[in-house]
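Here is a short briefing to read beside the coordinates. It goes topic by topic.

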Amino acid sequence: MARIIAIANQKGGVGKTTTCVNLAASLAAMRKRVLLVDLDPQGNASMGSGVDKYSLERSSYDVLVGACSVEEAMQPAAEGGFSVLPANGDVTAAEVELIQADGRERRLRTALGLVQSNFDYILIDCPPSLNLLTLNGLVAADGVIIAMQCEYFALEGLSALLDTVEQVKSSVNVGLEVEGILRTMYDPRNSLTNAVSGQLHEHFGDKVYRTVIPRNVRLAEAPSHGVPAMHYDKYSRGSRAYMALAGEMIRREERLLSSDNGSGA
């Protein structure tokens, strides 16, 4: 069964969508079956995967309101070897339509349950806000990757997001865990970056990924070409960083599985 991972941060511009697209491509390059779920009405993860959000017949909106299944709405990424459940501005309407609906926060979880066995990883790109769409992503997920810049105000946002994760865990998704904290747009020459990075290690220990995502022009340019960075420039620092992150994720999961098997023996 696929491990479902929501990539979240209510603060915009932290590299969340960039992480979703490039992590999906990197995991696919490692021969993992990957589905990227775009829950953001901006549809940037869809466009960055080569799926035209302006010509969609079906999207994550249709899945959330029960008009179609995930299989009926998903498309292959233009390049990258993974599948995409795309989004566009229509997804905003799902929030309004689901307000009075029964089980509104479990819609995505139910829909993904029907295809979970077809994938190794399902990555959910959540909107940059703590709304009903993000709630659907968190309820559906096994784990959360928090993408964040090493800046002072990012720590305040992190605290709010962790509170939300705990609320979801205590009420509707007891299995939800923080998968890891990913430092993005990382510049080691900046003293504030190093100070915040140190605080993250102090408070979260091994939850902080060893891999950091650097500031990289190729990562910024790739979405305009509708491809992940590794298919735009596979030798760029950004591409190599996301491949390293995919490898670190897989190794973490293998260690967890092996410790669980050992404890059960």
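A salt bridge here is a side-chain nitrogen of Lys or Arg within 4 Å of a carboxyl oxygen of Asp or Glu. E177 and K169 form one, with the closest N and O atoms 2.9 Å apart. The model is predicted. By this rule, the count comes to nine salt bridges.

**Salt bridges**

- Side chains of opposite charge can pair when their charged atoms come close.
- E179 and R3 meet through their side chains in a salt bridge, at 2.8 Å from N to O. This pair links distant parts of the chain: E179 sits in strand β7 and R3 in strand β1, 176 residues apart.
- Buried means under 20% relative accessible area. E179 has 16%, so E179 is buried. R3 has 22%, so R3 is partly exposed.
- R106 and E105 also meet in a salt bridge, at 2.8 Å from N to O. R106 counts as partly exposed because its relative accessibility is 36%. E105 is buried, with a relative accessible area of 16%.
- A network of salt bridges links R218, E221 and D233.

**Sheet and the helices on it**

- Eight strands make an open sheet with mixed pairing. The strand order is β3-β4-β2-β5-β1-β6-β7-β8.
- At the edges are β3 (75-76) and β8 (208-214), each of which pairs on one side only.
- Strands of a sheet pair through backbone hydrogen bonds, either parallel or antiparallel.
- Strand β2 (residues 34-38) and strand β4 (residues 83-85) run parallel and are joined by three bridges. Within this pairing, S83 in β4 is the bridge partner of L35.
- Helix α8 (residues 152-171) packs on the sheet. Helix α8 touches β1 (3-8), β6 (143-149) and β7 (177-186). The direction of α8 makes about 170° with that of β6.
- Helix α9 packs on the sheet too, touching β6, β7 and β8. The direction of α9 makes about 170° with that of β7.

**Buried positions**

- Which helix holds T19? T19 is in helix α1 (residues 16-29).
- T19 has 0% relative accessibility, so T19 counts as buried.
- Leaving out residues up to four places away in sequence, T19 touches I7, A24, A147, L182, T184 and Y242.
- P228 lies in the loop between α10 (217-221) and α11 (229-232). P228 is buried because its relative accessible area is 1%.
- How far apart are the C-alpha atoms of P228 and S26? They are separated by 8.9 Å, although the two residues are 202 residues apart along the chain.

**Nonpolar surface patch**

- Y152, F153 and L192 make a nonpolar surface patch of about 350 Å².
- L192 is in helix α9 (residues 191-204). The relative accessibility of L192 is 40%, so this residue counts as partly exposed.

- R31 is not a glycine, yet has a positive phi of about 65°. R31 lies in the loop between α1 and β2. The cut-off for exposed is over 50% relative accessible area. R31 reaches 78% relative accessibility and therefore counts as exposed.
- M185 is another residue other than glycine with a positive phi, near 50°. M185 is in strand β7. M185 counts as partly exposed because its relative accessibility is 27%.

How values were computed
Residues are numbered from 1 along each chain as its sequence is written. This is a predicted model: local features need pLDDT of at least 70, side-chain atom pairs count only at pLDDT 80 or more; totals for chains, interfaces and linings use all residues. Side-chain values use heavy atoms; hydrogens and water are left out. Patches are made of residues with over 30% relative accessible area and no salt bridge: like charges are joined within 9 Å, nonpolar side chains (Val, Leu, Ile, Met, Phe, Trp, Tyr) within 5 Å. Accessible areas come from the Shrake-Rupley method with a 1.4 Å probe; for residues, only the protein chains shown count as cover. Helices (H or I, at least four residues) and strands (E, at least two) are DSSP runs, numbered from the N terminus. Buried means under 20% relative accessible area, exposed over 50%, partly exposed in between (1.4 Å probe, protein chains only). Two strands pair if DSSP finds at least two bridges between them. Contact means heavy atoms within 4.5 Å. Axes are lines fitted to C-alpha atoms, for helices over the stretch in contact, and angles run from 0 to 180 degrees between N-to-C directions.
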